[in-house]
Amino acid sequence: MCGVFGVWAPAEDVAKLTYFGLYALQHRGQESAGIAVSDGHRIVVHKEMGLVAQAFDEPALTALRGHIAVGHCRYSTTGASVWANAQPTFRSTPQASLALGHNGNLINTRELAALLDGQPGIAASRGQQSPATSDTDILTALFVSQQSGVADGVENTAAAVLPRVRGAYSLVFMDENSLYAARDPHGFWPLVLGRLGGAEEENGWVVASETAALDIVGATFVREIAPGELVRIDGDGIKSRSIAAPRVSGCLFEHVYLGRPDTTISGRSVYATRVEVGRRLAAEHPAEADLVIPVPESGTPAAIGFAEASGIPFGHGLVKNSYVGRTFIQPSQTIRQRGIKLKLNPLREVISGQRIVVVDDSIVRGNTQRALVAMLREAGAAEVHVRVASPPVMSPCFYGIDFATQDELIAGALDAEEIRASIGADSLGYVSLDGLVEATTLPADRLCRACFDGHYPVPVAESDRGKFVLEVT
């Protein structure tokens, strides 16, 4: 998770472009948001807890003047969700300044933090007052601490440091004069390059987590940043270099849930993949029912595909409150017990007396589906058949999704029939792993399927597992 956005555009209002780019990436992180801008002489950073619209207003954006910007919206996987860990991170020495946004999760953070011990002028994050405790801050400190102060210092330092980094990273970072982007050799998380301007003019360059963010700022998709690639953008244009041999393992869950439906990954629309998953789900797990409904919004494309393939009518039986995301205001106990109603409410006239197929993107912990089935029965559903557009999530993710312990995962302890009984459904069917992979049209060996099959492209030591590896105890 997390959304990153970067822009180099001397003739544009880069802060506002970044603001709108982050808006398009808001689904990737809702805990904090930030933008760093450089005018060629200094870097200014503004970041706050909350959504993009809560973190910025017109005066704040107007104050961010320059021609280079880096933006970030955070979903925490290393380090607590506090202001000190909001991004972009910023580090400065007399030789260098750097602002950096990171999507992913590093799995040798302790090892990298140890490299900072004893560095003059750069204290390890663990030892600072009000410390940041994220892998991103450690990486930023490493980039700055090992700067030589010569031309191409940031680029050469990144090229030297990143091969020592293990895990998942899609990075957008900048010094006072250049914008940089880098992607880990496995390409776990997407990162794309776009161009501002028409076919015959070039107004600047954009780097973003998803193609949807390029669309919203009027940038034209050029290509993906390649796994193991480091890119530098400045007044001389674009410079690219390889920092590691690619061993591609893009996240399969990106196709299931993380990416926006209007995003393209590896040349294929996420929407098209999800509709095809629904078709395969209908073939693998048919149901006798009167109506197919999605769990909005992420279940909608698969529900459309299920309805098309099964011949069962598609309908909207659940209304989503679009204004409810992650909240820092805890509901009362009465509301908490019925918490799903904060987000979803059934249309009784659609559901009552009907045999319902309800299509969801995934089941992780099972709490939402249990409450959902109960809600549909209360609304009068005669039968509730749950169909899931991904295989059982059986193993933790250590590369950037916040289910990092086996105990959190219902499929880690129960089989499909036990899960069906636990959530109270009349039947339960998951799309097969082969069916999901085939729907993406990508080769299986170019996808990370660890959360579904337990095979990790990069092994993770027990000591490096967990969200709070750098927290002060």
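# Briefing: an exposed threonine and the packing of the helices

Thr441 has a relative accessibility of 53%, so Thr441 counts as exposed; the cut-off for exposed is over 50%. The model described here is predicted. The chain has 473 residues, of which 56% count as buried, and contains 16 helices and 23 strands.

**Confidence and overall contacts**

- The average pLDDT of the chain is 89, and 89% of the residues reach a score of at least 70.
- Residues 120-130 have a pLDDT below 50, and this stretch makes 24 contacts in the model beyond near neighbours in sequence.
- Where pLDDT is low, predicted coordinates should not be read in detail.
- Among contacts in the chain with a separation of 6 or more, 70% are between residues 24 or more positions apart.

**Thr441 and helix α15**

- Thr441 sits in the loop between α15 and β23, just after the helix.
- The phi of Thr441 is positive, about 65°, although this residue is not a glycine.
- Helix α15 covers residues 433-440, and its buried residues are Gly435, Leu436, Val437, Ala439 and Thr440.

**The contact of α9 with α15**

- Two packed helices are described by the angle between their axes and the distance between the axes.
- For α9 and α15 the angle is about 150° and the axes are 8 Å apart.
- The crossing of these two helices, α9 and α15, is right-handed.
- On the α9 side the contact is made by Thr273, Glu276, Val277, Arg280 and Glu284, and on the α15 side by Gly435, Leu436, Glu438, Ala439 and Thr440.
- Sorted by class, the residues of the contact of α9 with α15 are 3 nonpolar, 3 polar and 4 charged.

- Helix α4 (residues 109-116) packs on α5 at an angle of about 35°, with the two axes 9 Å apart.
- The crossing of α4 and α5 is left-handed.
- In this contact, Thr109, Leu112, Ala113, Leu115 and Leu116 of α4 meet Asp135, Ile138, Ala141, Leu142 and Ser145 of α5.
- The contact of α4 with α5 has 7 nonpolar residues, 2 polar and 1 charged.
- The axes of α5 and α6 come within 9 Å of each other and cross at roughly 125°, which means that α5 is oblique to α6.
- The crossing of α5 and α6 is right-handed.
- Leu139, Leu142 and Phe143 of α5 make this contact with Thr157, Ala158 and Val161 of α6.
- The residues in the contact of α5 with α6 are 5 nonpolar and 1 polar, with no charged residue.
- In α6 (residues 153-161), 7 of the 9 residues are buried, so this helix is largely enclosed by the rest of the structure.
- The buried residues of α6 are Gly153, Val154, Glu155, Thr157, Ala158, Ala159 and Val161.
- Around the buried residues of α6 are the helix α5 (135-145) and the strands β6 (97-106), β7, β8 (179-183), β12 (229-234) and β13 (237-242).

**Gly167 in strand β7**

- Gly167 belongs to strand β7, which runs over residues 167-174.
- The relative accessibility of Gly167 is 6%, so Gly167 counts as buried; buried means under 20%.
- Beyond neighbours within four places in sequence, Gly167 contacts Asn105, Leu106, Ile107, Asp184, Phe188 and Val458.
- Gly167 lies 59 residues from Asn108 in sequence, while their C-alpha atoms are 7.4 Å apart in space.

**Helix α10**

- Helix α10 covers residues 300-310; Thr300, Pro301, Ala302, Ala303, Gly305, Phe306 and Ala307 are its buried residues.
- The elements covering these buried residues of α10 include α9, β17 (291-294), β20 (355-360) and β21 (383-388).
- Gly311 follows α10 and has a positive phi, near 80°.

**Backbone details in loops**

- The peptide bond joining Gln87 and Pro88 is cis, with an omega of about 10°, and Pro88 is in the loop between β4 (68-74) and β5 (89-92).
- A cis peptide bond also runs from Pro296 to Glu297, with omega near -5°, and Glu297 is in the loop between β17 and α10.
- Ser266, which is not a glycine, has a positive phi of about 50°.
- Ser266 is in the loop between β15 (264-265) and β16, and its relative accessibility of 42% makes it count as partly exposed.

Notes
Residues are numbered from 1 along each chain as its sequence is written. This is a predicted model: local features need pLDDT of at least 70, side-chain atom pairs count only at pLDDT 80 or more; totals for chains, interfaces and linings use all residues. Side-chain values use heavy atoms; hydrogens and water are left out. Helices (H or I, at least four residues) and strands (E, at least two) are DSSP runs, numbered from the N terminus. Buried means under 20% relative accessible area, exposed over 50%, partly exposed in between (1.4 Å probe, protein chains only). Contact means heavy atoms within 4.5 Å. Axes are lines fitted to C-alpha atoms, for helices over the stretch in contact, and angles run from 0 to 180 degrees between N-to-C directions. A crossing is left-handed if the near helix is turned anticlockwise from the far one by less than a right angle, and right-handed if clockwise. Ala, Val, Leu, Ile, Met, Phe, Trp, Tyr, Cys and Pro count as nonpolar, Asp, Glu, Lys and Arg as charged, and the others, Gly among them, as polar. pLDDT is the predictor's confidence in each residue, from 0 to 100. Angles under 35 degrees count as roughly parallel, over 145 as roughly antiparallel, 65 to 115 as roughly perpendicular and the rest as oblique.
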